[in-house]
Amino acid sequence: MKKILIVDDEPSILMSLEFLMKKEGHKIFIARNGREAIGIVNQELPDALILDIMMPEVDGYEVCEFIKSKEELQHIKVIFLTAKAKEEDIKKGLDLGADLYLKKPFSTKELVKKVNELVA
């Protein structure tokens with residue numbers, strides 16, 4: 001069982017992703033903003049994060065940067081799932097160390113497949 005942290009400030013996305021990932025047999029943690037996410041990352045050491053970029057307090061870019069800057073956290077796979085679809089947004093996310101960048105709206109089937117591949 002892999003630990004997945006879902007980070008989004010949109011409750012409907014959190015609920016649907018939690019349902020999908022639990023169905024795949026993963027242990028799920030939820031954060032509603034970047035500050036909460038960092039706390040859970042430090043406590044639970046998840047295998048992967050499904051991470052929105054635009055959130056209050058601490059954004060997804062900052063969370064990714066925090067994870068990829070700490071040696072003990074660098075194994076965590078970071079999957080951006082965001083409405084930010086401009087080329088420079090995607091480049092910034094990947095430059096910060098994201099393992100995958102998916103744009104909203106997204107295919108749930110594709111997301112589940114990619115997450116399972118990354119944490120396998």
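Author: Before we start, a word on pairing: two strands count as paired if DSSP finds at least two bridges between them. Helices (H or I, at least four residues) and strands (E, at least two) are DSSP runs, numbered from the N terminus.

Reader: Fine. What kind of model is this, and how are residues numbered?

Author: It is a predicted model, in which local features need pLDDT of at least 70 and side-chain atom pairs count only at pLDDT 80 or more, while totals for chains, interfaces and linings use all residues. Residues are numbered from 1 along each chain as its sequence is written, and side-chain values use heavy atoms, with hydrogens and water left out.

Reader: Start with β1 and β3. How do they pair?

Author: Strand β1 and strand β3 (residues 48-51) are parallel, with 4 bridges between them. I4 stands opposite A48 of β3, and I6 has I50 of β3 as its bridge partner.

Reader: Which strand do 5 bridges join to β1?

Author: That is β2 (residues 27-31), also parallel to β1. There, L5 is partnered with F29. Helix α1 (residues 11-23) belongs with these two strands: β1, α1 and β2 make a right-handed β-α-β unit. Right-handed here means that, with the strands pointing away from the viewer, the path from the first strand over the helix to the second runs clockwise.

Reader: Is β1 enclosed or open, and why?

Author: Largely enclosed by the rest of the structure, because 4 of the 5 residues of β1 (residues 3-7) are buried. Buried means under 20% relative accessible area, exposed over 50%, and partly exposed in between (1.4 Å probe, protein chains only).

Reader: And β3, which residues point which way?

Author: A48 and I50 point one way, L49 and L51 the other, and all are buried. β3 also pairs with β4 (residues 77-82) in parallel, over 4 bridges; there I50 has I79 as its partner. With α3 in the path, β3, α3 and β4 make a right-handed β-α-β unit.

Reader: What does UniProt say about D52?

Author: The unreviewed UniProt entry places the feature "modified residue: 4-aspartylphosphate" at D52. UniProt positions are in the numbering used here, feature names are shortened, and annotations may be inferred rather than shown by experiment.

Reader: Where does D52 lie, and is it buried or exposed?

Author: D52 lies in the loop between β3 and α3, and it counts as buried at 3% relative accessibility. Not counting residues up to four places away in sequence, D52 touches V7, D8, D9, G60, L81, T82 and K104. A contact means heavy atoms within 4.5 Å.

Reader: G60 is on that list. Where is it found?

Author: In helix α3 (residues 60-69). G60 is buried, with a relative accessible area of 0%. Leaving aside its neighbours within four places, its contacts are L51, D52, I53, M55 and F80.

Reader: New topic. How many aromatic pairs does the structure hold?

Author: It holds 2. One of them is Y61 with F80, an edge-to-face pair at 5.7 Å centre to centre and 75° between the planes. Y61 is in helix α3 and F80 in strand β4, so the pair ties together parts 19 residues apart in sequence. For the cut-offs, rings of Phe, Tyr and Trp (its six-membered ring) pair if their centres lie within 6.5 Å; planes under 30 degrees apart count as stacked, over 60 as edge-to-face and the rest as tilted.

Reader: Which residues form the aromatic cluster?

Author: Y61, F80 and Y101. Y61 counts as buried at 6% relative accessibility, and F80 is buried at 0%.

Reader: Which residues of α4 are buried?

Author: In helix α4 (residues 87-95) they are D89, I90 and G93. They cover an arc of only 95° around the axis, which puts them on the same side of α4; the arc is that of the directions from the helix axis to the C-beta atoms. On the other side, E87, E88, K91 and D95 are exposed. The cover over the buried residues includes α3, β4 and β5 (100-103).

Reader: Last one: which peptide bond is cis?

Author: The one from K104 to P105, with omega near -5°. P105 lies in the loop between β5 and α5 (108-119). In general, most peptide bonds are trans, and most residues other than glycine have a negative phi. L45 has a positive phi of about 45° although it is not a glycine, and it is partly exposed at 39% relative accessible area. E57 has a positive phi too, near 70°, and is exposed at 52%.
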